[in-house]
Amino acid sequence: MGQWVTITSGVGPSKLQTHDPVFANDSAQHVQPPDSYLCKGIGFTSQESASATAALGTPPQNVSMVLDTGSELSWLHCNQTTRNSLPDPTIFYPNQSTSYKPIPCFSPTCTNKTQDFPIPASCDSDNLCHATLSYADSSSSDGNLASDIFHLGSSDNISGLVFGCMVSIFSSNSDEDSKTTGLMGMNRGSLSFVSQMGFPKFSYCISGSDFSGLLLLGDSNVTWLAPLNYTPLIQISQPLPYFDRVAYTVQLEGIKVSGKLLPIPKWVLVPDHTGAGQTMVDSGTQFTFLLGPVYNALRAEFLNQTTGVLRVLDDPNFVFQGAMDLCYRVPVGETSVPNLPSVSLVFAGAEMVVSGDRVLYRVPGEIRGSDWVWCMSFGNSDMLGVEAYVIGHHHQQNVWMEFDLERSRIGLAQVRCDLARQRFGVGL
């Protein structure tokens, strides 16, 4: 069996990283997980981002971390001062942990294992390993690398887990990011959480109804789960300027709208000689983003199939999140939008069907007259300056997502994630 973690998920800021990393260091040593958790389950919540709750340090301090398969380094918002009687739950206080250890800049961890970082690690004035991270939504964080004891559940302690203790953080969505302590990096880089732990696979499931979820670390062997359809992970050994080689990259083969396959040339969906055009599965990004030609094809067909069903927002200056320009007006009294066409993302060997309200997203606080503004929940990567297709967590709701690292593949299955969470007995 494996180990479970609770997740909260929702509709948070895009965390597309703005770098092109190299392969993870194959010689990196793994933190050894206790024998008692070959598999661990953790519950989470999911409104604007999928966030897992855990604890760190001695004595343990509770932390909430955004689950991000598109990032490597896990990090926490740190405050080096002594916390008062009413500590901020979104901050980790390293001075209050007797097991906290800053990492020197001359250590092998700093010199050999940070090569995948978007910006090279450096030495600060105290000769500590300093890291700066940046994202495509203009968010950034910087601080020092450190290690401490990570607590999962009541009895499972992981010593020596490396993370970033960030003291300077800039967020493009401060209201949402202020609800969490930091980020749990889950990609294939050498300092990601899963790489340090050496887990052969992990899975998660994000509910589309009650903003909850489940993260499974290890091999689940879930007998009641529907058979998974697998799509292979794509790897390119040659360094390319626009190809992220530690991302979870799959091959997008087509898109259907209500079963109608869009006339998209195959070469548009394949990375070019620069690496631009890869398809990444990223739980740290909210929505799904498609390169311009594919987005335009989807936009045109979706608009065609919703003619007479939905009233288009006639405002050419309104673009949600800078990338979503197909929006509609829906009366405030209507809590759901009926008769929406489904959108299917077709991969090699698997298919992800986006249906119902997940195809659209109601823009918070945006009202025109007596109407809400709802936008198609697919965006144009070109408008963000991102040279990739990105599958965000909004479209992974009610899909069991298995990342099989040993066999280099991702498994998909439609499932009621709220019921799956109950079945495993994981509470918030």
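The torsion about the S-S bond of Cys327 and Cys375 is about 95°, so this disulfide (a pair of cysteine sulfur atoms within 2.5 Å) is right-handed. The two sulfur atoms lie 2.0 Å apart. The bond links distant parts of the chain, 48 residues apart: Cys327 sits in strand β21 (residues 327-331) and Cys375 in strand β25 (residues 371-376). Strands (E, at least two residues) and helices (H or I, at least four) are DSSP runs, numbered from the N terminus. Both Cys327 and Cys375 are buried. Buried means under 20% relative accessible area, exposed over 50%, and partly exposed in between (1.4 Å probe, protein chains only).

The model is predicted; local features need pLDDT of at least 70, side-chain atom pairs count only at pLDDT 80 or more, and totals for chains, interfaces and linings use all residues. Residues are numbered from 1 along each chain as its sequence is written, and side-chain values use heavy atoms, without hydrogens and water.

The whole structure holds five disulfides. Another of them joins Cys205 to Cys417, with an S to S distance of 1.9 Å. This link is left-handed, at -75° about the S-S bond. Cys205 belongs to strand β12 (residues 201-206) and Cys417 to helix α6 (residues 417-423), 212 residues apart. Cys205 is buried at 1% relative accessible area. Cys417 is buried at 1% as well.

Cys105 is bonded to Cys123 (S to S 1.8 Å). Here the S-S torsion is 95°, and the link is right-handed. Cys105 is buried at 10% relative accessibility, whereas Cys123 is partly exposed at 46%.

Overall, the protein chain has six helices and 29 strands. Of its 428 residues, 58% count as buried.
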